[in-house]
2 protein chains.
Amino acid sequence: MPQPSAPRKAPGRPARISREEIIDTARRIVAEGGVKGLTMRRLAAEVGSTPMAIYHHVRDKEELLVLLLDDYAARTLRRSRLPADSRERVVAAAGAVHDALAACPWIVEVLTADDLMSTSALWFVEQIVDGLVECGLPLDRAVHGYRAIWYYTAGEIVVRATAARRRADDDRATYREHVFADLDPAELPRLAQASERWAALTAEDTYEDGLRALVDGLLAGRRG
Amino acid sequence: MPQPSAPRKAPGRPARISREEIIDTARRIVAEGGVKGLTMRRLAAEVGSTPMAIYHHVRDKEELLVLLLDDYAARTLRRSRLPADSRERVVAAAGAVHDALAACPWIVEVLTADDLMSTSALWFVEQIVDGLVECGLPLDRAVHGYRAIWYYTAGEIVVRATAARRRADDDRATYREHVFADLDPAELPRLAQASERWAALTAEDTYEDGLRALVDGLLAGRRG
DNA sequence: GTACTTTTTCTTACACGTACGGAAATCTGT
DNA sequence: ACAGATTTCCGTACGTGTAAGAAAAAGTAC
């Protein structure tokens, strides 16, 4: 792996391709043909090299995708004006991250990352943690609260994106409907009651509602 | 795809392998060698057939994994005694599902499923929705509440599992530490303040805390 | 029995990610 | 100029998921 800050002139064979060039080309390929069109061979061809040359700048394809997501986040997550009220600031910051990521369709393959990704997202993390602290949470609890918000956000995006992908692929979606159509009202009364509306209810975008509920619950802070 | 309920005797060449046999064998392979050891070729060999024969019982590998997860859920999710108190019942039901899934290490490859999977999980969904209704939520809100709980739960599992996998793989974990070590306290004061404890805080298991906060927030129900 | 239909199985082939090892291109020291 | 050292690049090879279509094995109709 090449160190980012080579102090002087480096010995060894000079590099003909750079990580930046790789990422730029990969971004273009994804923009044109989706993440499915991004193959190491294609990428190598477009960059004027060979597949195995890329592996000296990138550990594997997963790292390349993470790098791509970082790149995407860095250029779409612009710090916006957030509300002055602390609680609203938490909601708005989380919502901004959510919206940016949700607009990125190939995200699922990557979004299983631990923390939030690129340094450009850290500012939003700061806003969330700080907002929670200003609302009276101790720092530890605020960090845990941020984690909970991130779990909720990542889960929402991944679940919805996968559902959309499956729906586009084929008819697996109809399977759920079958399950819900044949519910025994004696055993699962609530689900039977909601069965007809289940698909519609599930399709609704309730991210912000759930987020507000989570934040409210975090700030109400029962327990010692 | 063979229809599950062939009414009489079927014409055509008789099947030598069944979906059940495939899933059983796949489960054994995963139990022995992890999900990484499960390849279509290996599976075909162990089932005494050829790779392409399997594709007549299973759409693709992803569906096979979903089937495996369903199978796993069906045999580990046993209906247990849940608390009588509605709110506690919601927490306990969600916790039971969470614990069962979190114990399944290969889950990440699959858990991006839309709803909860097998019919054996529906009972838990019922408990959650019913508990929320009994706490006073209208049915629509209860279903949305269940969705929020599922987002949070799935997100927690996926994020943690991926983090664990990355940590096992290599040294990418140290990258985050570098980022947090070089924070500018002027720009990101809270993160800088928490930077040293960040890894420890992140490692803590706060699933239930977040879940309770979410449930509390859902039940407090501000907004109209 | 022979022809046709239907269902399952198998053969072949392709593009993929990437491990391995060696070749090429540069710098440093003599 | 020459000999390492070091870094980057690349040719080859393996195992993967699976698309396409041929082949096999059963039933039915005549």
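**Figure 1. Polar contacts and surroundings of DNA strand C.** A polar side-chain atom of K61(A) lies 2.7 Å from a phosphate oxygen of DNA strand C. This is a polar contact, meaning a pair of N or O atoms within 3.5 Å; within protein, one must be able to donate a hydrogen and the other to accept it, and residues adjacent in sequence count only if both atoms are side-chain atoms. The model is predicted: local features need pLDDT of at least 70 and side-chain atom pairs count only at pLDDT 80 or more, while totals for chains, interfaces and linings use all residues. Residues are numbered from 1 along each chain as its sequence is written, chains are lettered from A and ligands numbered from 1 in the order in which they are written, and side-chain values use heavy atoms, with hydrogens and water left out. In total, 29 residues surround DNA strand C, and R41(A), Y55(A), K61(A), R16(B) and H57(B) are the closest. A residue is near a strand if one of its heavy atoms lies within 4 Å of it.

**Figure 2. Composition of the surface near DNA strand C.** At least two residues each come from α2 (40–46) and α3 of chain A and from α3 of chain B. Helices (H or I, at least four residues) are DSSP runs, numbered from the N terminus. The surface near DNA strand C has 15 nonpolar, seven polar and seven charged residues. Ala, Val, Leu, Ile, Met, Phe, Trp, Tyr, Cys and Pro count as nonpolar, Asp, Glu, Lys and Arg as charged, and the others, Gly among them, as polar.

**Figure 3. Surroundings of DNA strand D.** 28 residues surround DNA strand D, the closest being R16(A), M52(A), H57(A), R41(B) and Y55(B). Of the atoms of DNA strand D that come within 4 Å of the protein, sugar and phosphate account for 58%. Phosphate oxygens of DNA strand D lie 2.9 Å from a polar backbone atom of M40(B) and 3.5 Å from a polar side-chain atom of T39(B). A polar backbone atom of R13(A) is 3.0 Å from a base oxygen of DNA strand D. Two or more residues of the surface near DNA strand D come from each of α3 (51–54) of chain A and α2 (40–46) and α3 (51–54) of chain B. By class, this surface divides into 14 nonpolar, seven polar and seven charged residues.

**Figure 4. Packing of α6(A) against α7(A).** Helix α6 (residues 119–134) and helix α7 (residues 139–169) of chain A pack at an angle of about 130°, with their axes 9 Å apart. Axes are lines fitted to C-alpha atoms over the stretch in contact, and angles run from 0 to 180 degrees between N-to-C directions. α6(A) and α7(A) are therefore oblique to each other; angles under 35 degrees count as roughly parallel, over 145 as roughly antiparallel, 65 to 115 as roughly perpendicular and the rest as oblique. In α6(A), V125(A), I128(A), V129(A), L132(A) and V133(A) meet L139(A), A142(A), G145(A), Y146(A) and I149(A) of α7(A), where contact means heavy atoms within 4.5 Å. This contact has nine nonpolar, one polar and no charged residues.
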